[in-house]
Amino acid sequence: MLKSKTFVKKTRAGGVMKVVREHYLRDDIWCGSEVCTECKDGAPVLQQDARTESDLCAYPHYLIPDTNVVLHQIDILEDPLIRNVIILQTVLQEVRHRSPPVYKRIKDATHEKEKHFYTFTNEHHRETFIEREQGESANDRNDRAIRVAAKWYTEHLSKAPSVEKLRVVLLTNDRANKDKAEQNGLLAFRCEEYVKSLIGNPELVDRLALTSDDQNEITGSKLLFPEHLPLSRIQAGIKSGTFLQGTFRASRDNYLEATVFVQREGDDTTEVLLQGLQNLNRAVHQDVVAVELFPKEQWVAPSSVVLQDDRVNDEETEEEEAEKKLESPVLDPSMLKPTGRVVGIIKRNWRPFCGMLNQSQIKEATRHLFTPADRCIPRIRIETRQASTLVGQRIIVAIDGWPRNSRYPNGHFVRNLGGAGDKDTETEVLLLEHDVPHQPFSQAVLSFLPKMPWGITEEDLKVRADLRHLSVCSVDPPGCTDIDDALHCRELENGNLEVGVHIADVSHFIRPGNALDQEAASRGTTVYLCGKRIDMVPELLSSNLCSLRSNVERLAFSCIWEMNHKAEILNTRFTKSIINSKASLTYAEAQMRIDDASMNDDITKSLRGLNTLAKILKGQRIAKGALTLSSPEVRFHMDSETHDPIDLQTKELKDTNSMVEEFMLLANISVAQKIYEEFSECALLRKHPAPPPSNYDILIKAAKSRDLEIRIDSAKALADSLNEAVLEDFPYFNTLLRILATRCMMQAVYFCSGMDSDFHHYGLASPIYTHFTSPIRRYSDIIVHRLLAVAINADSTYPDLMDKHKQSSLCNNLNYRHKMAQYAQRASVAFHTQLFFKNKGILNEEGFILFVRKNAIIILIPKFGLEGTVFFENKDKPGPRLSFDSEGPTLTVEDQHTFHIFDRVKVTISLDASNIQHQKMRMALVEPVIPGVSVALPEPEPEAKKPRLDR
């Protein structure tokens, strides 16, 4: 049966166009139930014995949730207890329109066989489709469609010859909808009343999202925040320029401060500073907000005070004390930043948050505060009856809303992850908090892997260069199983050198658009944690078929240069190839071969040739202005049984590290030039923007404090002045400067060549750059491989590869995933550092001041690559007299000692586990000695008392 709707609309040219919309209705859409004999459904989803123990529904029943229940109570619907649910097409369409993340979650639930969720296409069923009536809103029409479908199910299933009558229950939180359903003779309950009726499942009640009625009940009557403006006023204000739209980023160090990043024309961004609870006005980290700028005379400077919101369950404590600390006279007008306040929320970007429960001091209380692990997120008030079992556990909580009369947002419990401090639990928290996809690969993804046993075919030999005879070898860190790259170098008959970089041909195994490709694109990168790796592609590829292990034949994509002995490139060629690596070496093994004069085999000669050329290439790069920066990287030595860290030291870099790096850089630059030549609109490239001059302020001040000058007019000037900034009596000074210079840099990003005009890579001093050399662990490299393969006629193209807009949105995801992977890696190092210090008691170490703050100094301990803060204020006792000069910057304590950047200090280091969620390294000053401020040296422990390793 066909329904059609005809209407006319006016065209731009002023003509009239007739539009006909056709809507097909069918009789053969089945109900999906096992009890039904009318429908000819070969594989029914809904069970005959659909029994869930409930005080309200003691009979077998199916649930039909309305749109708002799916949108707000998705955590309930995902619980294994909730089964036999009918998801209507009307509901699905509305959810898809209003919340893509919830839509994905409900679709995933319908694919889980044991959940018995059935999607019923009521909008195309002859008996359940309804037309919108005159004067009826779209929302009311959809509510009516849900009631009509529920009525149809009730009547349809009543004809089934089942032993016990099966009922259909409509779940809705809309009072009007519930009343109308009951008038129509339907069984309808509020979601909360149904969940509370389920027997013996208190945890499920905790997962209920609060409705607006519940939220008003919980909060006080005092209005703490200004009202948010309606969206219509916000949009008008943005259009007229009264308001600005931007992304809200809360400060990690100061809960009363945040910045809104406003995107302007092109790449230009403005930062608006917000200070004080009223001006933050209930915005949460990463929300899209509308801000109103204050007049210039009300602008302030960012605060140098560190403030954490760590009061115990105290709702009404005034914030005024803390807000006073923000106020400080600003001597330099250039320090003032555009300042404003949040007037409304355009888009909430809430996600489920990991953290811990602070149990209420009131006995038998069900309302408690939850402290998120991420310091950028405010505390959340939740209701739970299982607080005593959740204390000391890592849990996940979702925010439901933030009324004006509540100091904190309200939320609900989602699930328990496990005990705090447990290594597996903490790793799970770390991955969830950094949005790292880490679920096992699905069957759909694994189905696209090559069938084993796999081998090189005749077809491969026809279309690839056979390089199995070459003395190719790989050089990697110890324990590396995902080997992306291998190298060779040999002398040609004409006296020149042939140098090859051979990269795993991952794009041969991952074809565009299939489930394996989509999963790799979503993950974006492999994430390396201490002792754990979250692969971008399944292990069969990452550690086996794509890994260029020694003495096995592998498919590669090779970049081969002919060079003279001055490392000048005479010609370049790219080819798909077959290689057989002759050795998988570590950096140390490769270095030993180069240094051992008695070794003269082909691999060693190849390594020496590569090493000589690499030194020339590095010299050329540095001469062009490439930067050599520094960051303290650490390596853990793990106990083989407990897998706990037993030693911690900074990584030592050998010549061979630099050797491999030089040829990877050269290959990346050569490939970038080639793909841009062929595809000027859709090449995937990587750029590193030059930092704005203000970023260098701290570096210039630090050098100036030692009477040295840092020039920043170009990368070359910066590189040269860093090379010259050497102090005879302070050898570590130059490394400290380079560490500081690294902090001044911008993030390098992927971009699509057709969407940008500035390609320059500041750090490498290269006009063009991309990533080609690590396709096992970076999805960007797979795209670059595909582009290069099309450029040399080794593979065919596909539409998305040539679409600059698709390419650009892919780059945005890759940039996000890379940034989060970096943060996750740092968090993993921090956690393992804490594990290491747990058994060490109090250590006494030498360090250097990296930053001087208003009430603290931040110190780097080179031996452990560890940073920590020495605070000069203590909440429990009056602090010393402090005098901070932002010009230096310097901090004078008790008029006795003035601290400058890079001063050498001695500190004690210990693990402070008083806050189990935010365990941190506690540092206290030992030298210089300041009476009443510094601490005495810890007594060395007798040998016998040293904690032994748990076995």
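Predicted model: local features only at pLDDT ≥ 70, side-chain atom pairs only at ≥ 80, totals over all residues.
The residues in the contact of α22 with α24 divide into 8 nonpolar, no polar and no charged. Stepping back to the whole chain, its secondary structure comes to 26 helices and 38 strands. Of its 951 residues, 50% are buried.

**The chain as a whole**

- Take the contacts between residues at least 6 apart in sequence: 67% of them join residues at least 24 apart.

**Helices α22 and α24**

- Two packed helices are described by the angle between their axes and the distance between the axes.
- Here the partners are α22, covering residues 697-704, and α24, covering residues 733-744; they pack at an angle of about 160 degrees, and their axes lie 9 Å apart.
- Angles over 145 degrees count as roughly antiparallel, and α22 and α24 are therefore roughly antiparallel to each other.
- From α22, the contact uses Ile 698, Leu 699, Ala 702 and Ala 703; from α24, it uses Leu 737, Leu 740, Ala 741 and Cys 744.

**Leu 722, a buried residue in α23**

- Leu 722 sits in helix α23, residues 715-724, and it counts as buried, with 0% relative accessibility.
- Leaving out residues up to four places away in sequence, Leu 722 touches Leu 629, Ile 710, Asn 734, Leu 737, Arg 738 and Ala 741.
- Leu 737 and Ala 741, two of those neighbours of Leu 722, also belong to the α24 side of the contact with α22.
- Leu 629 and Leu 722 are 93 residues apart along the chain, and their C-alpha atoms are separated by 9.3 Å.

**Helices α19 and α21**

- The axes of α19 (residues 587-595) and α21 (residues 655-678) come within 8 Å and cross at roughly 100 degrees.
- That angle makes α19 roughly perpendicular to α21.
- On the α19 side, the contact is made by Tyr 587, Ala 590, Gln 591 and Ile 594; on the α21 side, it is made by Asp 655, Thr 656, Asn 657, Met 659 and Val 660.
- Sorted by class, the contact of α19 with α21 has 5 nonpolar, 3 polar and 1 charged residues.

**Helices α3 and α4**

- Helix α3 spans residues 89-98 and helix α4 spans residues 100-111; their axes come within 6 Å and cross at roughly 140 degrees.
- α3 and α4 are therefore oblique to each other.
- Leu 92, Val 95, Arg 96 and Arg 98 of α3 meet Pro 100, Val 102, Tyr 103, Ile 106 and Lys 107 of α4.
- The contact of α3 with α4 holds 6 nonpolar, no polar and 3 charged residues.

**Helix α14 and its surroundings**

- In α14, residues 423-433, the buried residues are Thr 425, Glu 426, Thr 427, Val 429, Leu 430, Leu 431 and Glu 433.
- These buried residues of α14 pack against both strands and a helix: β13 (353-358), β16 (393-401), β17 (410-419), β22 (527-529), β23 (532-534) and α26 (804-838).
- After α14 comes Asp 435, with a positive phi near 55 degrees.

**Backbone spots to check by eye**

- Most residues other than glycine have a negative phi, and most peptide bonds are trans.
- The peptide bond from Met 452 to Pro 453 is cis, with omega near -5 degrees; Pro 453 lies in the loop between α15 (443-446) and α16 (458-463).
- Ala 765 has a positive phi, near 50 degrees. Ala 765 is in the loop between β30 (749-752) and α25 (779-791), and it is buried, with a relative accessible area of 15%.
- Phe 902 has a positive phi as well, near 75 degrees. Phe 902 belongs to the loop between β36 (897-899) and β37 (904-912), and it is buried, with a relative accessible area of 0%.

Notes:
Residues numbered from 1 in each chain as written. Heavy atoms only, no water. Axes fitted to C-alpha atoms, helices over the stretch in contact; angles between N-to-C directions. Helix = DSSP H or I, 4+ residues; strand = E, 2+ residues; numbered from the N terminus. Parallel < 35°, antiparallel > 145°, perpendicular 65-115°, else oblique. Contact = heavy atoms within 4.5 Å. Nonpolar A, V, L, I, M, F, W, Y, C, P; charged D, E, K, R; others polar. Buried < 20%, exposed > 50% of the residue type's maximum accessible area, 1.4 Å probe, protein only.
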